[in-house]
Amino acid sequence: MKVTLRMFDPSDADNFMAWASNARVSRFTREDVFTSRDDALHHIQDTVLPHPWNRAICIDNDDRRAIGSIWVDPGQGAVDGCRGSISYRLAHDYWARGIATSALKVAVKVVFGEWAHLERVEAIVRVENFGLQRVLEKAGFVREGVLRRYVVHKGKAEDMVMYSILSSKV
């Protein structure tokens, strides 16, 4: 199954709801589930489209239909400018098919090509999210360690695991 990435557009709102309204998908995300198409449309227009690197995940049998999203937040300034932070969401119906692993590999290759100043792409994962940890490792990311009480997730300080991949390894 070939995975492709493309820019979002407002017509993706219905497909976006397939993962953004699913509690299983949003369980490990910072955002709550989306409850309406209007909320999804506003999010696409106000957050996704202006983002410097946010792509729809598509598969070969339907290369226009978004089944997930993947994005990289660039580091800022002299200290953090050499790294980006990657995240993704995938509709539950497409879990355990290798799609997330493929999307991560494609995204990392493209981002390192487009942003030559990046030395590393990193991902932080909740300690209990073993599925995502396995996906990152299959995509070539290396586990660096546990960041204790690193983020507040839905009102509670959470330990996170740091993963990264270096531009020299892609």
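Which residues in α1 meet which residues in α3? The close-up views below, taken from a predicted model, begin with that contact. Residues are numbered from 1 along each chain as its sequence is written, and side-chain values use heavy atoms, with hydrogens and water left out. Because the model is predicted, local features need pLDDT of at least 70 and side-chain atom pairs count only at pLDDT 80 or more, while totals for chains, interfaces and linings use all residues.

**View 1. The contact of α1 with α3.** A13, D14, F16 and M17 in α1 meet R37, A40, L41, H43 and I44 in α3, where contact means heavy atoms within 4.5 Å. By class, 6 of these residues are nonpolar, 1 is polar and 2 are charged; Ala, Val, Leu, Ile, Met, Phe, Trp, Tyr, Cys and Pro count as nonpolar, Asp, Glu, Lys and Arg as charged, and the others, Gly among them, as polar. The axes of α1 and α3 are 9 Å apart and the two helices pack at an angle of about 105°, which is why they are described as roughly perpendicular to each other. Axes are lines fitted to C-alpha atoms, for helices over the stretch in contact, and angles run from 0 to 180 degrees between N-to-C directions. Angles under 35 degrees count as roughly parallel, over 145 as roughly antiparallel, 65 to 115 as roughly perpendicular and the rest as oblique. Helices (H or I, at least four residues) and strands (E, at least two) are DSSP runs, numbered from the N terminus.

View 2. In helix α1, which spans residues 13–20, the buried residues are A13, F16, M17, W19 and A20. These residues cover an arc of only 170° around the axis and therefore lie on the same side of α1, the arc being that of the directions from the helix axis to the C-beta atoms. Buried means under 20% relative accessible area, exposed over 50%, and partly exposed in between, with a 1.4 Å probe and protein chains only. D12 is found in the loop between β1 (3–7) and α1, and D12 counts as buried because its relative accessibility is 3%. Leaving aside residues up to four places away in sequence, D12 touches R6, M7, I44, R64 and A66.

View 3. S36 is found in the loop between α2 (23–26) and α3, and its relative accessible area of 24% makes S36 partly exposed. Although S36 and A13 are 23 residues apart along the chain, their C-alpha atoms are separated by 9.6 Å. T47 lies in helix α3 (residues 37–48) and, at 40% relative accessibility, counts as partly exposed.

**View 4. The crossing of α5 and α6.** The axes of helix α5 (residues 99–114) and helix α6 (residues 130–138) come within 9 Å and cross at roughly 50°, so α5 and α6 are oblique to each other. On the α5 side the contact is made by A100, T101, L104 and K105, and on the α6 side by V135, L136 and K138. These residues comprise 4 nonpolar, 1 polar and 2 charged.

**View 5. The two sides of α6.** L132, Q133, V135 and L136 are buried in α6, and, because these buried residues fall within an arc of 160° when seen down the axis, they line one face of the helix. The buried residues of α6 pack against β4, α5, β5 (120–126), β6 and β7, whereas F130 and K138, on the other side of α6, are exposed. Just after α6, G140 takes a positive phi of about 100°.

View 6. Most residues other than glycine have a negative phi, and most peptide bonds are trans. A96, in the loop between β4 (83–90) and α5, has a positive phi near 60° and is exposed, with a relative accessible area of 86%. R149, in strand β6 (residues 142–153), has a positive phi near 45° and is likewise exposed, with a relative accessible area of 66%.
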